[in-house]
Amino acid sequence: SDVYKRQAMKIGVVYVGEGQFEQKEIFFNDKGSEKYEEMLKRLGKEPNRAAKESKLQPEVLHYVNGVYEIVFHVTTRMPTKQSDEQQLEKKKYIGNDSVHIVWDENERVYRPGTISGAFNFVHIIVHPLRNGLYSIKVKRKKEKGESKSWVKFFGPLITGMAVSMNILPILLRYTAINARKSITFKKLQLYNPLGERKKMLERLIADYTVDFEMKGALFDKIIRSNAECMTDYTSITPVSYTHLTLPTICSV
């Protein structure tokens with residue numbers, strides 16, 4: 001099939017330290033807290049050396065299953081250039097990711113516009129609580145003047161939830177997937193690979209399915225035609241079989 005087997009997507013992961021409110025200071029982070037690093041380890045896998053040398057870069061995490069292939073752009077894994085106040089290399093990736101997972105250790109809720117970009121449509125914000133749980137806020141972009149977001153509701157994580165670390169990474173991953181799908185099929189008007197494959201299979205079935213009645217009639221005709229030229233070999237002794245030439249089956 002020419003249709004790509006998995007749905008590929010890129011997700012941004014941003015770490016916001018305590019007391020950080022601006023894009024500049026956030027992009028200068030080259031590491032995060034212990035709990036943040038634990039979440040990353042469960043969110044995706046580090047690319048192996050071969051992957052790093054080919055298409056995957058060392059600053060990404062990678063997740064693959066039978067349906068999805070995800071690259072996570074992680075700001076704290078990307079090289080920080082002290083001479084670049086805007087950290088344009090980080091901005092190039094994060095600014096073009098339509099979904100951001102934001103680990104926010106500030107008491108004040110993260111503002112979606114903190115990192116500017118035309119394609120940052122959804123922010124899944126994680127805030128560590130003192131009781132060991134993690135509160136969730138999901139922000140969906142609204143068009144100017146609109147009261148509701150054009151991004152359809154998705155889950156499994158929704159605003160107001162508090163979850164443990166045991167289930168946080170997998171829920172983040174699938175919430176990001178569902179957010180990306182909601183954006184893709186609404187805003188960007190791209191095709192669904194699974195839907196395309198379904199259509200191709202339906203065309204194959206329609207083109208190559210044989211009517212069972214017709215098939216049965218054809219089979220009966222072959223049997224009747226061949227019955228006339230079949231020879232009974234039961235009277236031939238076993239010794240004769242080594243020199244036996246069977247008659248050719250009659251053609252229909």
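A residue is called buried here when its relative accessible area is under 20%. That cut-off is for H73. The model is a predicted one, and in it H73 has a relative accessible area of 6%, so H73 counts as buried.

Where does H73 sit? H73 is part of strand β3, which covers residues 68–74. Leaving aside residues up to four places away in sequence, H73 touches K10, I11, G12, V13, V60, M78, Y93, I94 and D97.

Now the whole chain. The protein has 252 residues, and 37% of them count as buried. Its secondary structure consists of 7 helices and 7 strands. If we take contacts between residues at least 6 apart in sequence, 58% of them join residues at least 24 apart.

The accessible surface is about 16,000 Å², and carbon and sulfur atoms account for 55% of that.

L204 belongs to helix α6, residues 193–208. At a relative accessible area of 49%, L204 is partly exposed.

The other patch carries positive charge, and it brings together K137, K139, R140, K142 and K148. K142 lies in the loop that runs between β6 (134–140) and β7 (162–163). Is K142 buried or partly exposed? Its relative accessible area is 47%, so K142 is partly exposed.

Technical notes. Residues are numbered from 1 along each chain as its sequence is written. This is a predicted model: local features need pLDDT of at least 70, side-chain atom pairs count only at pLDDT 80 or more; totals for chains, interfaces and linings use all residues. Side-chain values use heavy atoms; hydrogens and water are left out. Helices (H or I, at least four residues) and strands (E, at least two) are DSSP runs, numbered from the N terminus. Buried means under 20% relative accessible area, exposed over 50%, partly exposed in between (1.4 Å probe, protein chains only). Patches are made of residues with over 30% relative accessible area and no salt bridge: like charges are joined within 9 Å, nonpolar side chains (Val, Leu, Ile, Met, Phe, Trp, Tyr) within 5 Å. Accessible areas come from the Shrake-Rupley method with a 1.4 Å probe; for residues, only the protein chains shown count as cover. A salt bridge is a side-chain nitrogen of Lys or Arg within 4 Å of a carboxyl oxygen of Asp or Glu. Lys and Arg count as positive and Asp and Glu as negative; His and the chain ends are not counted. The place of a charge is taken as NZ of Lys, CZ of Arg, CG of Asp or CD of Glu. Contact means heavy atoms within 4.5 Å.
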